[in-house]
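Thanks for coming. I'll walk through a few packing features of this one, and you can follow along on the screen.

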Amino acid sequence: MAPWLTIVGIGEDGFSGLGKQARRALLAAPRIFGSPRQLALLPRCVAGERLNWPSPFSLAPVLALRGEPVCVLASGDPMFYGVGASLARQLPAEELQVLPMPSSCALAAARLGWALQDVQVISIVARPLAALNAHLYSGLRLLVLSNDGDSPAAIARQLCERGFGPSRLHVLEHLGGPQARQVSGSAEDWPHGRAADLNLVAIECQASTTTVQLSPIVGLPDNAFRHDGQLTKRDVRAITLARLAPRPGELLWDVGAGCGSIGIEWMRAHPSCRALAIEADEGRQAYIEHNRDTLGVPGLQLVRGKAPEALAGLERPDAVFIGGGVTRDGVLATCWEQLRPGGRLVANAVTLQSELALATFRDTHGGELTRIHVAHAQPLGSFDTWRQALPITLLDVVKPLDA
(Lines give C-alpha, C1' and ligand atoms only; values in the text may rest on other atoms or scores of the structure.)
Protein backbone atom coordinates (compact mmCIF):
# COMPACT_ATOMS: atom_id res chain seq x y z
CA MET A 1 0.00 0.00 0.00
CA ALA A 2 1.30 3.47 -0.90
CA PRO A 3 1.62 5.93 1.99
CA TRP A 4 -1.78 7.32 2.90
CA LEU A 5 -0.74 8.86 6.22
CA THR A 6 1.65 11.82 6.32
CA ILE A 7 3.01 12.79 9.72
CA VAL A 8 4.33 16.34 9.75
CA GLY A 9 6.63 17.58 12.48
CA ILE A 10 5.89 21.22 13.18
CA GLY A 11 7.86 23.61 15.37
CA GLU A 12 6.95 26.72 17.33
CA ASP A 13 7.69 28.78 14.21
CA GLY A 14 4.63 27.20 12.59
CA PHE A 15 3.82 26.75 8.91
CA SER A 16 6.48 29.20 7.74
CA GLY A 17 9.22 27.04 9.28
CA LEU A 18 8.22 23.91 7.34
CA GLY A 19 9.96 22.61 4.25
CA LYS A 20 8.29 22.54 0.85
CA GLN A 21 7.31 18.88 1.07
CA ALA A 22 5.58 19.34 4.41
CA ARG A 23 3.76 22.50 3.29
CA ARG A 24 2.54 20.79 0.12
CA ALA A 25 1.29 17.78 2.09
CA LEU A 26 -0.72 20.02 4.44
CA LEU A 27 -2.14 22.12 1.59
CA ALA A 28 -3.32 18.98 -0.19
CA ALA A 29 -4.66 17.11 2.86
CA PRO A 30 -8.45 16.73 3.14
CA ARG A 31 -8.15 15.95 6.89
CA ILE A 32 -5.55 17.11 9.41
CA PHE A 33 -5.33 15.77 12.97
CA GLY A 34 -3.48 17.60 15.75
CA SER A 35 -3.71 19.29 19.11
CA PRO A 36 -5.51 22.66 19.28
CA ARG A 37 -2.13 24.40 19.69
CA GLN A 38 -0.68 22.71 16.60
CA LEU A 39 -3.75 23.25 14.44
CA ALA A 40 -3.73 26.95 15.40
CA LEU A 41 -0.29 27.27 13.78
CA LEU A 42 -1.76 26.57 10.33
CA PRO A 43 -2.72 29.52 8.09
CA ARG A 44 -6.11 29.91 6.42
CA CYS A 45 -4.76 28.69 3.09
CA VAL A 46 -4.62 25.18 4.59
CA ALA A 47 -8.20 24.28 3.78
CA GLY A 48 -8.43 20.68 4.99
CA GLU A 49 -10.78 19.72 7.83
CA ARG A 50 -9.02 20.30 11.16
CA LEU A 51 -9.65 17.56 13.69
CA ASN A 52 -8.63 17.67 17.35
CA TRP A 53 -7.38 14.53 19.04
CA PRO A 54 -10.05 12.98 21.25
CA SER A 55 -9.85 13.16 25.04
CA PRO A 56 -8.75 10.78 26.41
CA PHE A 57 -6.17 10.52 23.63
CA SER A 58 -6.71 7.78 21.07
CA LEU A 59 -5.33 6.89 17.64
CA ALA A 60 -8.64 5.28 16.68
CA PRO A 61 -9.98 8.21 14.58
CA VAL A 62 -6.88 8.13 12.36
CA LEU A 63 -6.75 4.35 12.08
CA ALA A 64 -10.44 4.32 11.12
CA LEU A 65 -9.52 6.28 7.96
CA ARG A 66 -6.87 3.80 6.86
CA GLY A 67 -6.30 4.04 3.12
CA GLU A 68 -7.65 7.58 2.81
CA PRO A 69 -5.27 10.59 2.61
CA VAL A 70 -4.71 12.00 6.10
CA CYS A 71 -2.16 14.36 7.70
CA VAL A 72 -1.17 14.27 11.36
CA LEU A 73 0.65 17.13 13.07
CA ALA A 74 3.31 16.33 15.68
CA SER A 75 5.72 18.47 17.67
CA GLY A 76 9.24 18.54 16.21
CA ASP A 77 10.42 15.03 15.41
CA PRO A 78 7.31 12.78 15.36
CA MET A 79 9.40 9.65 15.95
CA PHE A 80 11.03 10.99 19.14
CA TYR A 81 8.57 10.37 22.01
CA GLY A 82 5.90 11.52 19.58
CA VAL A 83 2.66 10.39 17.96
CA GLY A 84 4.63 9.16 14.95
CA ALA A 85 6.23 6.45 17.07
CA SER A 86 2.80 5.41 18.37
CA LEU A 87 1.35 5.20 14.86
CA ALA A 88 4.38 3.28 13.60
CA ARG A 89 3.62 0.57 16.16
CA GLN A 90 0.17 0.18 14.61
CA LEU A 91 0.97 0.49 10.90
CA PRO A 92 3.63 -0.86 8.52
CA ALA A 93 6.32 1.63 7.51
CA GLU A 94 5.27 1.61 3.84
CA GLU A 95 1.92 3.20 4.77
CA LEU A 96 3.60 6.17 6.46
CA GLN A 97 5.38 9.27 5.25
CA VAL A 98 7.16 11.03 8.12
CA LEU A 99 8.44 14.59 7.64
CA PRO A 100 10.37 15.54 10.80
CA MET A 101 11.60 18.83 12.19
CA PRO A 102 14.35 19.17 14.84
CA SER A 103 13.25 17.68 18.16
CA SER A 104 13.04 19.78 21.31
CA CYS A 105 16.15 17.99 22.57
CA ALA A 106 18.10 18.91 19.43
CA LEU A 107 17.02 22.54 19.83
CA ALA A 108 17.91 22.54 23.53
CA ALA A 109 21.34 21.01 22.93
CA ALA A 110 22.04 23.63 20.25
CA ARG A 111 20.92 26.42 22.60
CA LEU A 112 23.03 25.17 25.52
CA GLY A 113 26.05 24.08 23.49
CA TRP A 114 25.75 20.48 24.73
CA ALA A 115 26.83 17.49 22.65
CA LEU A 116 23.55 15.63 22.23
CA GLN A 117 25.19 12.20 22.10
CA ASP A 118 26.58 12.76 25.61
CA VAL A 119 23.24 13.68 27.15
CA GLN A 120 20.70 11.37 28.80
CA VAL A 121 17.11 12.05 27.67
CA ILE A 122 14.21 11.28 30.04
CA SER A 123 10.50 11.80 29.49
CA ILE A 124 8.11 12.48 32.36
CA VAL A 125 5.21 13.19 30.02
CA ALA A 126 2.39 11.21 31.68
CA ARG A 127 5.10 9.23 33.48
CA PRO A 128 6.13 9.16 37.16
CA LEU A 129 8.71 11.73 38.20
CA ALA A 130 10.41 8.97 40.21
CA ALA A 131 11.92 7.66 36.95
CA LEU A 132 14.39 10.55 37.24
CA ASN A 133 16.02 8.96 40.29
CA ALA A 134 17.76 6.23 38.29
CA HIS A 135 19.78 8.82 36.35
CA LEU A 136 21.18 11.03 39.10
CA TYR A 137 24.98 10.99 38.97
CA SER A 138 27.33 13.94 39.46
CA GLY A 139 28.62 15.28 36.16
CA LEU A 140 25.78 13.79 34.09
CA ARG A 141 23.71 16.07 31.88
CA LEU A 142 20.02 15.32 31.53
CA LEU A 143 17.33 16.63 29.19
CA VAL A 144 13.90 16.08 30.72
CA LEU A 145 10.74 16.33 28.63
CA SER A 146 8.30 18.03 31.01
CA ASN A 147 4.71 17.03 31.60
CA ASP A 148 3.51 20.62 32.19
CA GLY A 149 4.42 23.98 33.65
CA ASP A 150 4.65 22.58 37.19
CA SER A 151 7.33 20.05 36.21
CA PRO A 152 10.42 22.29 36.66
CA ALA A 153 9.60 23.10 40.29
CA ALA A 154 8.71 19.46 40.98
CA ILE A 155 12.04 18.37 39.46
CA ALA A 156 13.90 20.87 41.63
CA ARG A 157 12.20 19.48 44.77
CA GLN A 158 12.97 15.93 43.71
CA LEU A 159 16.64 16.74 43.18
CA CYS A 160 16.86 18.26 46.65
CA GLU A 161 15.18 15.23 48.23
CA ARG A 162 17.71 12.94 46.54
CA GLY A 163 20.71 15.00 47.67
CA PHE A 164 21.29 16.79 44.35
CA GLY A 165 20.32 20.30 45.46
CA PRO A 166 23.46 21.94 43.96
CA SER A 167 22.41 20.78 40.47
CA ARG A 168 21.99 23.53 37.87
CA LEU A 169 18.65 23.68 36.05
CA HIS A 170 17.81 25.41 32.77
CA VAL A 171 14.16 25.63 31.76
CA LEU A 172 13.66 26.23 28.04
CA GLU A 173 10.18 27.32 26.96
CA HIS A 174 8.68 27.40 23.46
CA LEU A 175 11.91 26.29 21.81
CA GLY A 176 12.30 27.43 18.22
CA GLY A 177 9.49 29.97 18.35
CA PRO A 178 9.00 33.71 18.88
CA GLN A 179 8.10 33.16 22.56
CA ALA A 180 11.29 31.22 23.31
CA ARG A 181 12.60 31.89 26.82
CA GLN A 182 15.21 30.38 29.14
CA VAL A 183 15.48 30.65 32.92
CA SER A 184 18.18 29.05 35.07
CA GLY A 185 19.03 28.41 38.70
CA SER A 186 20.07 25.78 41.22
CA ALA A 187 17.62 23.16 42.45
CA GLU A 188 18.05 24.12 46.11
CA ASP A 189 17.37 27.81 45.42
CA TRP A 190 14.90 27.53 42.55
CA PRO A 191 13.58 31.08 42.21
CA HIS A 192 11.11 30.77 39.34
CA GLY A 193 7.35 30.29 39.34
CA ARG A 194 5.27 28.14 37.05
CA ALA A 195 6.75 27.69 33.59
CA ALA A 196 4.97 27.59 30.26
CA ASP A 197 3.33 24.21 29.71
CA LEU A 198 5.55 23.65 26.67
CA ASN A 199 8.97 23.38 28.29
CA LEU A 200 12.05 21.21 28.58
CA VAL A 201 14.31 21.03 31.65
CA ALA A 202 18.07 20.66 31.23
CA ILE A 203 19.93 19.47 34.34
CA GLU A 204 23.62 19.57 35.15
CA CYS A 205 23.66 16.99 37.94
CA GLN A 206 25.71 17.76 41.03
CA ALA A 207 25.41 15.88 44.32
CA SER A 208 25.93 17.58 47.65
CA THR A 209 29.09 16.66 49.55
CA THR A 210 27.15 14.39 51.94
CA THR A 211 25.16 12.48 49.30
CA VAL A 212 25.98 8.80 48.86
CA GLN A 213 25.81 8.09 45.13
CA LEU A 214 24.66 4.66 44.01
CA SER A 215 26.36 2.74 41.23
CA PRO A 216 24.44 1.65 38.13
CA ILE A 217 26.09 -1.77 38.50
CA VAL A 218 24.21 -4.54 40.34
CA GLY A 219 24.96 -5.10 43.98
CA LEU A 220 23.62 -1.96 45.65
CA PRO A 221 24.37 -1.65 49.36
CA ASP A 222 21.73 -3.19 51.60
CA ASN A 223 20.91 0.19 53.16
CA ALA A 224 19.78 1.46 49.76
CA PHE A 225 16.59 -0.57 50.38
CA ARG A 226 13.92 -0.21 53.04
CA HIS A 227 13.29 -3.72 54.42
CA ASP A 228 12.42 -5.81 57.46
CA GLY A 229 15.37 -8.18 57.10
CA GLN A 230 13.74 -10.14 54.27
CA LEU A 231 16.39 -9.06 51.80
CA THR A 232 18.73 -10.85 49.42
CA LYS A 233 22.00 -9.46 50.77
CA ARG A 234 24.36 -7.48 48.59
CA ASP A 235 26.97 -10.12 47.71
CA VAL A 236 24.42 -12.87 47.11
CA ARG A 237 22.25 -10.43 45.15
CA ALA A 238 25.13 -9.60 42.81
CA ILE A 239 25.83 -13.31 42.22
CA THR A 240 22.11 -14.00 41.70
CA LEU A 241 21.69 -11.20 39.15
CA ALA A 242 24.79 -12.37 37.30
CA ARG A 243 23.04 -15.74 36.86
CA LEU A 244 19.74 -14.11 35.88
CA ALA A 245 21.66 -12.10 33.24
CA PRO A 246 19.16 -9.29 32.45
CA ARG A 247 18.90 -8.36 28.78
CA PRO A 248 17.11 -5.40 27.18
CA GLY A 249 13.36 -5.84 26.88
CA GLU A 250 13.13 -8.98 29.01
CA LEU A 251 10.59 -9.66 31.77
CA LEU A 252 11.47 -11.04 35.21
CA TRP A 253 9.23 -12.67 37.77
CA ASP A 254 10.57 -11.88 41.26
CA VAL A 255 8.67 -14.49 43.27
CA GLY A 256 8.51 -13.97 47.02
CA ALA A 257 9.99 -10.55 46.35
CA GLY A 258 10.54 -9.41 49.94
CA CYS A 259 11.55 -5.76 49.56
CA GLY A 260 11.85 -6.12 45.76
CA SER A 261 15.64 -5.81 45.55
CA ILE A 262 16.14 -8.37 42.76
CA GLY A 263 13.39 -6.98 40.54
CA ILE A 264 14.54 -3.41 41.13
CA GLU A 265 18.15 -4.13 40.21
CA TRP A 266 16.99 -6.14 37.19
CA MET A 267 15.12 -3.07 35.91
CA ARG A 268 18.04 -0.74 36.64
CA ALA A 269 20.19 -2.88 34.31
CA HIS A 270 18.48 -1.40 31.22
CA PRO A 271 15.57 1.05 30.71
CA SER A 272 13.58 -1.54 28.73
CA CYS A 273 13.88 -4.33 31.33
CA ARG A 274 10.59 -5.15 33.07
CA ALA A 275 9.78 -6.96 36.31
CA LEU A 276 6.81 -8.29 38.25
CA ALA A 277 7.31 -8.51 42.03
CA ILE A 278 5.04 -11.13 43.59
CA GLU A 279 4.62 -10.59 47.34
CA ALA A 280 1.84 -11.53 49.77
CA ASP A 281 2.91 -9.60 52.88
CA GLU A 282 1.34 -6.11 53.07
CA GLY A 283 4.27 -4.59 54.94
CA ARG A 284 6.74 -5.82 52.34
CA GLN A 285 4.46 -4.63 49.56
CA ALA A 286 4.84 -1.12 51.01
CA TYR A 287 8.63 -1.56 51.03
CA ILE A 288 8.56 -2.57 47.36
CA GLU A 289 6.54 0.52 46.42
CA HIS A 290 8.91 2.78 48.35
CA ASN A 291 12.07 1.16 47.00
CA ARG A 292 11.02 1.11 43.35
CA ASP A 293 10.31 4.86 43.38
CA THR A 294 13.37 5.83 45.41
CA LEU A 295 15.66 3.81 43.14
CA GLY A 296 14.10 5.10 39.92
CA VAL A 297 12.10 2.17 38.53
CA PRO A 298 8.45 3.15 39.16
CA GLY A 299 7.43 0.83 36.32
CA LEU A 300 8.07 -2.27 38.45
CA GLN A 301 4.66 -3.95 38.78
CA LEU A 302 3.62 -5.24 42.18
CA VAL A 303 1.49 -8.39 42.18
CA ARG A 304 -0.23 -8.71 45.56
CA GLY A 305 -0.59 -12.38 46.43
CA LYS A 306 1.11 -15.66 47.19
CA ALA A 307 2.67 -17.96 44.61
CA PRO A 308 1.66 -20.15 42.88
CA GLU A 309 -1.93 -18.82 42.96
CA ALA A 310 -0.86 -15.24 42.22
CA LEU A 311 1.03 -16.35 39.10
CA ALA A 312 -2.11 -17.29 37.19
CA GLY A 313 -2.67 -15.16 34.10
CA LEU A 314 0.61 -13.24 34.29
CA GLU A 315 2.67 -12.57 31.18
CA ARG A 316 5.18 -15.38 30.63
CA PRO A 317 8.64 -14.38 31.87
CA ASP A 318 12.09 -14.52 30.28
CA ALA A 319 13.62 -15.14 33.70
CA VAL A 320 12.38 -16.15 37.15
CA PHE A 321 13.92 -15.57 40.56
CA ILE A 322 12.47 -17.44 43.53
CA GLY A 323 13.69 -15.95 46.77
CA GLY A 324 11.18 -17.62 49.04
CA GLY A 325 8.57 -20.36 48.91
CA VAL A 326 10.47 -23.00 46.93
CA THR A 327 9.05 -25.67 49.24
CA ARG A 328 5.47 -24.55 48.66
CA ASP A 329 3.51 -26.96 46.48
CA GLY A 330 3.48 -25.90 42.84
CA VAL A 331 5.81 -22.89 43.01
CA LEU A 332 8.81 -24.39 41.22
CA ALA A 333 6.62 -26.37 38.82
CA THR A 334 4.47 -23.38 37.85
CA CYS A 335 7.44 -21.07 37.38
CA TRP A 336 9.19 -23.66 35.19
CA GLU A 337 6.06 -24.31 33.14
CA GLN A 338 5.45 -20.59 32.49
CA LEU A 339 9.11 -19.72 31.81
CA ARG A 340 9.75 -19.05 28.14
CA PRO A 341 12.00 -21.52 26.28
CA GLY A 342 15.61 -20.39 26.65
CA GLY A 343 14.74 -18.52 29.85
CA ARG A 344 16.65 -18.65 33.11
CA LEU A 345 15.37 -19.81 36.49
CA VAL A 346 17.39 -18.95 39.59
CA ALA A 347 16.31 -19.94 43.11
CA ASN A 348 17.98 -19.42 46.46
CA ALA A 349 17.66 -21.71 49.47
CA VAL A 350 18.77 -21.48 53.09
CA THR A 351 17.01 -24.35 54.88
CA LEU A 352 17.63 -28.06 54.44
CA GLN A 353 14.09 -28.53 53.16
CA SER A 354 14.45 -25.84 50.50
CA GLU A 355 17.88 -27.20 49.50
CA LEU A 356 16.30 -30.63 49.04
CA ALA A 357 13.58 -29.10 46.84
CA LEU A 358 16.24 -27.50 44.62
CA ALA A 359 18.30 -30.67 44.44
CA THR A 360 15.22 -32.70 43.48
CA PHE A 361 14.31 -30.14 40.81
CA ARG A 362 17.83 -30.28 39.40
CA ASP A 363 17.69 -34.08 39.16
CA THR A 364 14.67 -33.69 36.85
CA HIS A 365 15.45 -30.54 34.88
CA GLY A 366 19.22 -30.16 35.09
CA GLY A 367 21.03 -26.99 36.01
CA GLU A 368 23.80 -26.12 38.43
CA LEU A 369 23.84 -25.93 42.22
CA THR A 370 26.23 -23.49 43.87
CA ARG A 371 26.91 -23.06 47.59
CA ILE A 372 27.70 -19.46 48.58
CA HIS A 373 29.54 -18.70 51.81
CA VAL A 374 30.01 -15.05 52.81
CA ALA A 375 31.81 -13.93 55.96
CA HIS A 376 32.39 -10.43 57.31
CA ALA A 377 35.12 -9.26 59.66
CA GLN A 378 33.66 -8.16 63.00
CA PRO A 379 35.10 -7.25 66.41
CA LEU A 380 35.79 -9.97 68.97
CA GLY A 381 36.94 -8.22 72.11
CA SER A 382 40.03 -6.22 71.16
CA PHE A 383 40.51 -8.32 68.02
CA ASP A 384 38.57 -9.09 64.83
CA THR A 385 37.21 -12.36 63.56
CA TRP A 386 35.11 -13.66 60.68
CA ARG A 387 31.35 -13.87 61.21
CA GLN A 388 29.83 -16.37 58.80
CA ALA A 389 26.45 -15.54 57.30
CA LEU A 390 24.05 -18.39 56.65
CA PRO A 391 25.23 -20.26 53.55
CA ILE A 392 23.06 -19.95 50.46
CA THR A 393 22.40 -22.71 47.95
CA LEU A 394 21.70 -21.31 44.49
CA LEU A 395 20.08 -23.22 41.64
CA ASP A 396 20.69 -21.88 38.14
CA VAL A 397 18.96 -23.62 35.22
CA VAL A 398 18.19 -22.66 31.61
CA LYS A 399 15.01 -23.98 30.04
CA PRO A 400 15.67 -25.88 26.78
CA LEU A 401 14.51 -24.17 23.60
CA ASP A 402 12.43 -27.18 22.65
CA ALA A 403 10.71 -27.45 26.03
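Phe33 is buried, at a relative accessible area of 3%. Keep in mind that this is a predicted model. Phe33 belongs to strand E2, residues 31-34. Its ring pairs with that of Trp53, and this is one of four aromatic pairs in the structure. The two ring centres are 5.6 Å apart and the planes meet at 35°. Why do we call that pair tilted? An angle under 30 degrees would count as stacked and one over 60 as edge-to-face, and the rest are tilted, so at 35° the pair of Phe33 and Trp53 is tilted.

Trp53 sits in the loop between strand E3, 49-52, and helix H3, 60-63. Phe33 and Trp53 form one aromatic cluster together with Phe57.

Another pair is Phe80 with Tyr81. Here the ring centres are 5.1 Å apart and the planes stand at 90°, so this one is edge-to-face.

Next, the nonpolar cores. The largest has 30 residues, and the members that touch the most others are Phe225, Leu244, Leu252, Trp266 and Leu300. Which elements give two or more residues to this core? They are helix H7 (234-244), helix H8 (261-268), and strands E12 (274-279), E14 (319-322) and E19 (392-398). H8 gives the largest share, four residues.

Leu300 is worth a look on the screen. Leaving out residues up to four places away in sequence, Leu300 touches Gly263, Ile264, Met267, Ala275, Ala277, Ile288 and Arg292. There is also a second, separate core, of 26 residues, whose members include Val255, Leu311, Leu314 and Trp336. Trp336 has a charge over its ring: Lys399 lies over the face, at 5.8 Å from the ring centre.

Back to H7. Its buried residues are Val236, Arg237, Thr240, Leu241 and Leu244. Where around the axis do they lie? They cover an arc of only 130°, so they are on the same side of H7. What covers them includes E11, H8, E14, strand E15 (344-349), strand E16 (368-372) and E19. Just after H7, Ala245 takes a positive phi of about 50°.

Ala245 also turns up in the contacts of Glu250. Glu250 is in the loop between H7 and strand E11, 251-255. The threshold for buried is under 20%, so Glu250, at 11% relative accessibility, counts as buried. Besides Ala245, and setting aside neighbours within four places in sequence, Glu250 is in contact with Trp266, Ser272, Cys273, Arg274, Asp318 and Arg344. Trp266 was in the list for the largest core.

Last item, Ser186. This residue lies in strand E9, residues 181-186. Ser186 is buried, with a relative accessible area of 16%. What does Ser186 touch, not counting residues up to four places away in sequence? The contacts are Gly165, Pro166, Ser167 and Arg168.

That's the tour. Questions, please.

Note on methods: Residues are numbered from 1 along each chain as its sequence is written. This is a predicted model: local features need pLDDT of at least 70, side-chain atom pairs count only at pLDDT 80 or more; totals for chains, interfaces and linings use all residues. Side-chain values use heavy atoms; hydrogens and water are left out. A nonpolar core is a set of buried Ala, Val, Leu, Ile, Met, Phe, Trp, Tyr and Cys residues joined through side-chain atoms within 4.5 Å. Buried means under 20% relative accessible area, exposed over 50%, partly exposed in between (1.4 Å probe, protein chains only). Contact means heavy atoms within 4.5 Å. Rings of Phe, Tyr and Trp (its six-membered ring) pair if their centres lie within 6.5 Å; planes under 30 degrees apart count as stacked, over 60 as edge-to-face and the rest as tilted. A charge sits over a ring if NZ of Lys or CZ of Arg is within 6 Å of the ring centre and within 35 degrees of the ring normal. The arc is that of the directions from the helix axis to the C-beta atoms.
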